[in-house]
Amino acid sequence: MKLKLGLLFNAVGNLQRPGPLSKLANAPLPIKFSFRISKVLKRVQEELSVFESKRLGLVEKYAKRNAKGEVNKREMKVDEKNMAAFQEEFNELAALETDIDFEPFKLSQLESVELAPADVGMIMDFIENDL
């Protein structure tokens, strides 16, 4: 299935804000379904490792610099004056599609899982409505 990298990025999230796929991976579910989710998450994370390195490269490219032109790696943030250019390149990156082979989850398998409507919206491409 072809999916945009930005959708995958939002579906997985990060340590500060886990995305809905990460939440599913940590939810108590039957073992077979849990295994499927783990396999899909692993495939998605493999694709995102390249995305993340490119995203960090963009952050560094547009980051605040000191008087010597160096970036503080601990506090690397996009400089406000460079935000528009960063956002444009990031959006190009996020719009790229990748092909991930998986069978969509059945909605009936997710009935016991509590997710916010916004979370469900982020993973609609991973779900097949069988109800």
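I began with Glu89 and Lys61, whose side chains meet in a salt bridge at 2.9 Å, N to O. By salt bridge I mean a side-chain nitrogen of Lys or Arg within 4 Å of a carboxyl oxygen of Asp or Glu. Glu89 lies in helix α4 (residues 83-95) and Lys61 in helix α3 (residues 31-61), so the pair ties together parts 28 residues apart in sequence. Helices (H or I, at least four residues) and strands (E, at least two) are DSSP runs, numbered from the N terminus.

Note on the source: this is a predicted model, where local features need pLDDT of at least 70 and side-chain atom pairs count only at pLDDT 80 or more, while totals for chains, interfaces and linings use all residues. Residues are numbered from 1 along each chain as its sequence is written, and side-chain values use heavy atoms, with hydrogens and water left out.

I looked up accessibility next. Buried means under 20% relative accessible area, exposed over 50%, partly exposed in between (1.4 Å probe, protein chains only). Glu89 is partly exposed at 25%. Lys61 is partly exposed at 47%.

I then searched the whole structure and found four salt bridges. One of them joins the side chains of Lys23 and Asp119, 2.6 Å from N to O. Lys23 sits in helix α2 (residues 20-25) and Asp119 in helix α5 (residues 117-122), 96 residues apart. Lys23 is partly exposed at 35%, but Asp119 is buried at 9%.

I also checked Lys106 and Glu128, a salt bridge with its closest N and O atoms 3.4 Å apart. Lys106 is in strand β3 (residues 105-106) and Glu128 in strand β4 (residues 127-128), so this pair ties together parts 22 residues apart in sequence. Lys106 is partly exposed at 29%, and Glu128 is partly exposed at 35%.
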